[in-house]
Amino acid sequence: MKRQPSQRHRLLKQALSFTIAPETTSEAPYQLQPGKSVVFKIQVTNQSASADLIFLKCSELPTNWFTIEYLSQATEDAPGIIQLTEKLALNPQANGEIHFTLHPPADAAIGNYFPTLQLISMGAPDLVMLDVIYIQLLPDTHLDIRLTPESRTIPNQSAIFDFMVRNRGNVTRTLRLEVKDSRNLFRVETDLVDNVLKLAPSQEKTITLKAFPHHSWQRPLRGKPVRSLVGVTLIPVDGLADAGSRYLTQSKLVWLPQPKWVLALLTLMGAGTALFALGVLYRFNRPTIAAPEILSFNATGQSDTVRLNWKLNNPERLGRVVISQLNEGAEVQTVRYDFSTSIPQELKVKADSKQGCRTAAAKNNSSALWQLPLPNLPWFASLQQVPTPTTITCQNIPFVSNQAGTLRYKLKLFSKSAADAQVPIAEYTTNAIAIKPGSNEPQFEPSFPSAQPAQISLAFSINGVPATSQPTHSFSVREGESAQIVVSWAVQGSTDVQLLPGLGNVEPNGSTSYTLRAGESKTVTLTAQNAAGERVTQSAVMSAIGVGSSDRSLFRSGSPFQPQRVPKASPNSGDPAPPESENTQSSPDPNNTAPEQSSPTPSTSDAPTPDASPTASP
């Protein structure tokens with residue numbers, strides 16, 4: 001559109017006229033996208049009577065922002081052809097065209113530009129011809145994104161990705177980062193604060209992404225690996241793009257299955273857990289074995305032989321039974337029986353006899369804590385069973401007293417556990433009994449009149465030596481060998497004859513043999529009772545002494561021998577030990593009876609101190 005002369009600034013008489021297309025104003029600037037270009041065409045007419053050379057000048061823009069091209073009419077030799085020249089040559093009344101191409105760089109700042117274009121005439125250099133073009137440079141929001149590598153295989157590789165972002169536009173961008181996997185198996189962490197990213201024009205930044213499994217147990221145990229896509233989305237939060245404008249890129253994440261050894265280990269752990277659970281059920285579904293306890297204990301009998309009766313409960317943990325004779329609180333005689341495996345052989349009930357110990361099932365009031373739906377197998381069925389408690393009842397067990405007087409008897413129970421073998425777990429003491437030599441029955445305090453002596457004839461010998469003349473018999477034995485000792489007896493006027501330990505009820509006449517190794521000792525007791533209840537008892541001590549002992553000369557078989565003080569016996573021994581030495585020998589009291597002289601001083605390894613109270617303690 002041709003401008004009116006009144007719209008131009010002229011210092012001299014107008015000789016040139018020009019127009020610019022496209023036309024722009026401050027209210028309607030030309031909107032130019034970054035990286036794009038626009039061509040402004042300037043039509044120039046020479047209205048003077050002489051030829052002229054025209055130049056175009058723009059001093060308000062950098063030279064790399066625009067390009068000027070002059071299009072002149074061809075000469076008379078080549079009419080109708082437009083030529084590119086370095087200036088616009090116009091003949092009188094002729095016109096020409098100048099192309100002003102505006103191409104700002106891609107990183108040019110956004111905003112409004114209004115450069116001034118000036119035409120300079122060589123024929124009229126004082127002529128001033130100016131015009132302004134209005135340009136609005138629009139913002140560029142283009143971004144370049146890339147996620148590397150294209151795939152990761154874990155656990156062989158680290159689950160780390162690099163996310164590159166480059167701002168190719170001409171404005172600072174503010175974006176929010178969203179990262180997730182398609183299978184929702186991983187969480188992805190970045191090194192950004194609140195996952196917000198800011199980029200200036202032409203700025204490039206690399207962000208590190210690390211993927212972690214939500215739950216390690218989600219890793220496949222076997223079979224094919226799990227494949228997931230890790231996607232990164234950039235969401236503009238600066239208002240320079242529509243809310244729906246998103247930039248998305250993805251990489252692949254491969255999760256390999258567990259190695260075979262892990263599957264085998266998990267199988268073993270599962271089996272172990274199942275066995276442990278069954279063990280716990282077995283442990284808590286069965287009542288614990290209670291400690292042995294004494295239900296009853298009493299002493300009865302005739303003369304100096306006392307009959308003991310006791311009843312024990314829960315013998316499963318019973319190790320040994322110790323019976324002590326108490327004289328004014330001190331243990332003067334002790335007998336031990338080993339119950340660790342079963343009832344001792346010498347206490348077992350003989351046929352047609354009321355003497356000995358027997359086992360019976362006690363009343364079971366307990367039951368399983370719960371009934372489990374277990375398979376019908378023997379081992380599982382045992383979980384439903386409750387062990388039946390048992391009792392041991394011992395009757396008429398003889399205890400030959402080597403003393404007379406007011407005596408008590410204590411029963412002590414010891415556990416078979418090695419840790420508790422020295423401390424009694426239960427004990428009970430009877431009431432006081434007045435024992436007098438030759439009396440028919442023991443007298444409880446207060447005492448009763450004694451009966452007449454028994455009319456029984458009794459012969460008792462050790463290797464042919466009468467026990468009445470020599471109650472203690474010692475035998476020299478070489479190391480590694482044993483002594484065979486023959487015990488003989490003959491009883492008249494008796495219907496009930498017993499030889500203890502070992503045989504129990506025997507014939508009125510007979511003999512038996514005992515084997516003793518070096519260091520062993522045994523007390524043999526012969527008891528006879530007639531139909532009237534009269535009873536006679538005779539005891540003898542047999543000891544085997546090693547040849548290497550310094551006291552061997554004191555023990556000569558078949559010769560009279562003074563009773564010796566016996567050393568302390570071991571806790572598990574049921575018989576007294578051999579005499580210690582000649583220095584410990586004590587002279588017999590002529591006023592004492594034969595049974596008093598025939599038995600050595602008992603062991604007190606399981607006894608309490610003499611100050612202990614004789615009161616019964618069930």
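This is a predicted model: local features need pLDDT of at least 70, side-chain atom pairs count only at pLDDT 80 or more; totals for chains, interfaces and linings use all residues.
**View 1. The pairing of β4 with β7.** The antiparallel strands β4 and β7 are joined by three bridges, and I54 stands opposite L88 in β7.

**View 2. The largest nonpolar core.** This core has 28 residues, of which I42, V44, I98, F100 and L102 touch the most other members. Among the elements that give two or more residues to the core are β1 (16–21), β3 (38–46), β5 (66–73) and β8 (95–102), and β3 gives the most, with four residues.

**View 3. The surroundings of I42.** Leaving aside neighbours within four places in sequence, the residues in contact with I42 include F18, T19 and I20, together with L56, I98, F100 and L117. The contacts of I42 also include G96 and E97.

**View 4. The disulfide of C357 and C394.** A search of the whole structure finds one disulfide, which joins C357 to C394 with an S to S distance of 1.9 Å. The link of C357 and C394 is right-handed, with 115° about the S-S bond. Because C357 lies in strand β26 (residues 356–361) and C394 in strand β27 (residues 390–400), the pair ties together parts that are 37 residues apart in sequence. Both C357 and C394 are buried.

Notes: Residues are numbered from 1 along each chain as its sequence is written. Side-chain values use heavy atoms; hydrogens and water are left out. A nonpolar core is a set of buried Ala, Val, Leu, Ile, Met, Phe, Trp, Tyr and Cys residues joined through side-chain atoms within 4.5 Å. Buried means under 20% relative accessible area, exposed over 50%, partly exposed in between (1.4 Å probe, protein chains only). Contact means heavy atoms within 4.5 Å. Two strands pair if DSSP finds at least two bridges between them. A disulfide is a pair of cysteine sulfur atoms within 2.5 Å.
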